[in-house]
There are 2 protein chains.
Amino acid sequence: MSQETFSAFASKHKQLLEKELRDRVNQLTAPSVIKESMLYSLEAGGKRIRPLLLFATLSAFGENTRKGLQTAAAIEMIHTYSLIHDDLPSMDNDDLRRGKPTNHKVFGDAFAILAGDALLTYSFQLLAETPDDLADASTKLALIKELSKASGAEGMVGGQVADISGEEKDLSLSDLEYIHIHKTGKLLECSVVSGAILAGATEEQIKILAKFAYHLGLAFQIRDDILDLEGIEEKIGKRVGSDEINHKVTYPSLLTLEGAKEALHQHIELAKHQLNAAGLNVELLEAITNLIETRDH
Amino acid sequence: MSQETFSAFASKHKQLLEKELRDRVNQLTAPSVIKESMLYSLEAGGKRIRPLLLFATLSAFGENTRKGLQTAAAIEMIHTYSLIHDDLPSMDNDDLRRGKPTNHKVFGDAFAILAGDALLTYSFQLLAETPDDLADASTKLALIKELSKASGAEGMVGGQVADISGEEKDLSLSDLEYIHIHKTGKLLECSVVSGAILAGATEEQIKILAKFAYHLGLAFQIRDDILDLEGIEEKIGKRVGSDEINHKVTYPSLLTLEGAKEALHQHIELAKHQLNAAGLNVELLEAITNLIETRDH
């Protein structure tokens, strides 16, 4: 697939998603400050990698990507709530995200916590309220199970807990992988699996795609660590070398920079191997995989 | 119904619920500190009024109350997460709840926020994973819709936002009612309506029971305000008169103490009027209503 074709797909679907996020929050009957706080972080931009993975998976099954719009919005709300809570003073204490003041810097800690809570809650409402012509009842329940497991104590929240517990400690490679698989990987995997569920995939297809997403998630994180050493500050939006300054254990710190690049390449190859085994039209998913290997921000 | 019969019902069902809460958290594969933080607040006691309302509603339809155990646990998890987040320094900044240190005092702010997030997320997983012999797919989706609406921006979170926005302001009676209907009332209503949904109630029955719960929720809050003026400190677990010291707008401050007592009585009567119109075996729901009118803690 040409770079142009993928860019057109990504830009069209980001627009669709961002309209869906806006419309869903605007239709809430709630105090205006909470809606503003939710929208502020939903509209802060970002690569929208989770929604794009979901749309690309639907496309791999030959399904209309609009079928996944509401589910993609729900997953992006979960991702956004996690960023709002992670940035809080008692967590990572970040003042800036993607060059903009973080939510609590604008709305205060209380409304930031509550906006996160509201987004988390609303994501499950959106899945439960998916129109019947897009998903039957058992499909909706399968989506809710996937998203709750991926984002709760056994998934993303568990990864964040392990990350905080591991600060300033000597982590092994397997400690580091536990953190990344849970904190980032589970929700990426959920995006792919949710697309497959919506497309009516078989158990076998879901298993293969979950393995693909597992390797993609680790590759994503290794690339992040490499960018922290080699990236261009204006593109990644934070100081290059900040992990080293913060004494953060990373793939390069455990494996050397060369070793990290080798690990990245291996996970990308394993991800592509799964894609080829899926027997689907995987061009868009392959383009996302290539993007994750080479991204500069 | 005799006081003894109701006490036996309440004590038996509190035990069942508390075992369910423990079992559900213990079965999670997650870092132990997050499970400890979740359990600490789930096991902090309390009246368990929401689960009891759900069980009493099932009983009103002649249904086995065990049918509602998982749903009751989900609702109690939502209530518990809201207490953990409300107690945080950036929200109400409370050090004690029911005589015990609040969650963040024991586990720190970060793990308190994450335990709240994990409980909120897990509650939807529990509803989605309700065994098929207790609820069919459309029933489970109806429960998820109810709980997400009752607890999100249009419900409990919206009420908390309005409460914080209204601090130190001159609130009208309708401002005060907005706060209480959303912050407390919606989840109480959800408890009753969820019991009715599980029992296969008609739309008409659900409407009547929701009206019952609406008045019960307001009565609950008015009684709270009265107790703050007239209660015995050891029983209510906080300083008598703390609302006045904190310049909080309450029913007595807007209506006088006598007026608040009159309003309490009116809402109790309206709640009972709905119960009588329901054509169900409402003895347990009536006993809870009487308890809310006369409770001393």
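Count up the salt bridges over all chains and you get 24. Keep in mind that this is a predicted model. Chain A and chain B share an interface that buries about 3700 Å², yet the number of salt bridges between the two chains is 0. Here's a quick tour, starting with one charged pair and ending where the chains meet.

**A salt bridge in chain A**

- Side chains of opposite charge can pair when their charged atoms come close.
- Take Arg97(A) and Asp87(A): their side chains form a salt bridge, with 2.8 Å from N to O.
- This pair ties together distant parts of the chain, since Arg97(A) sits in strand β1 (residues 96–97) of chain A and Asp87(A) in helix α4 (residues 69–87) of chain A, 10 residues apart.

**Helices α2 and α5 in chain A**

- Helix α2 (residues 32–42) of chain A and helix α5 (residues 103–128) of chain A have axes that come within 8 Å and cross at roughly 90°.
- On the α2(A) side, the residues in contact include Val33(A), Ile34(A), Met38(A), Tyr40(A) and Leu42(A).
- Across from them, α5(A) brings residues including Val106(A), Phe107(A), Phe111(A), Leu114(A) and Tyr122(A).
- Sorted by class, this contact between α2(A) and α5(A) comes to 13 nonpolar, 3 polar and 1 charged residues.

**Helices α3 and α13 in chain A**

- Helix α3 (residues 49–60) of chain A packs with helix α13 (residues 283–294) of chain A at an angle of about 150°, and their axes are 8 Å apart.
- Angles over 145 degrees count as roughly antiparallel, so α3(A) and α13(A) are roughly antiparallel to each other.
- From α3(A), the contact takes in Ile49(A), Leu52(A), Leu53(A), Ala56(A), Thr57(A), Ser59(A) and Ala60(A).
- From α13(A), Leu284(A), Leu285(A), Ile288(A) and Ile292(A) meet them.
- There are 9 nonpolar and 2 polar residues in the contact of α3(A) with α13(A), and no charged ones.

**Where chain A and chain B meet**

- Each chain brings 46 residues to the contact: 46 from chain B and 46 from chain A.
- Of the area buried between chain B and chain A, 76% is on carbon and sulfur atoms.
- In chain B, the residues that lose the most area to chain A are Thr121(B), Leu141(B) and Glu154(B), together 15% of what that side buries.
- Polar contacts do turn up across this interface, in 4 residue pairs (both at pLDDT 80 or more).
- The elements giving two or more residues to the side of chain B that touches chain A are α2 (32–42), α4 (69–86), α5 (103–128), α6 (137–151) and α7 (156–166) of chain B.
- Helix α5(B) supplies the largest share of that side, 12 residues.
- By class, the side of chain B that touches chain A splits into 26 nonpolar, 13 polar and 7 charged residues.

- The axes of α5(A) and α5(B) come within 10 Å, crossing at roughly 10°.
- That angle makes α5(A) roughly parallel to α5(B).
- Asp117(A), Leu120(A), Thr121(A) and Phe124(A) of α5(A) make this contact with Asp117(B), Leu120(B), Thr121(B) and Phe124(B) of α5(B).
- The contact of α5(A) with α5(B) has 4 nonpolar, 2 polar and 2 charged residues.

Note on methods: Residues numbered from 1 in each chain as written. Chains lettered and ligands numbered in written order. Predicted model: local features only at pLDDT ≥ 70, side-chain atom pairs only at ≥ 80, totals over all residues. Heavy atoms only, no water. Axes fitted to C-alpha atoms, helices over the stretch in contact; angles between N-to-C directions. Helix = DSSP H or I, 4+ residues; strand = E, 2+ residues; numbered from the N terminus. Contact = heavy atoms within 4.5 Å. Nonpolar A, V, L, I, M, F, W, Y, C, P; charged D, E, K, R; others polar. Buried area = accessible area lost by both parts, 1.4 Å probe. Salt bridge = Lys/Arg side-chain N within 4 Å of Asp/Glu carboxyl O. Polar contact = N/O pair within 3.5 Å; in protein donor to acceptor, adjacent residues only side chain to side chain. Parallel < 35°, antiparallel > 145°, perpendicular 65-115°, else oblique.
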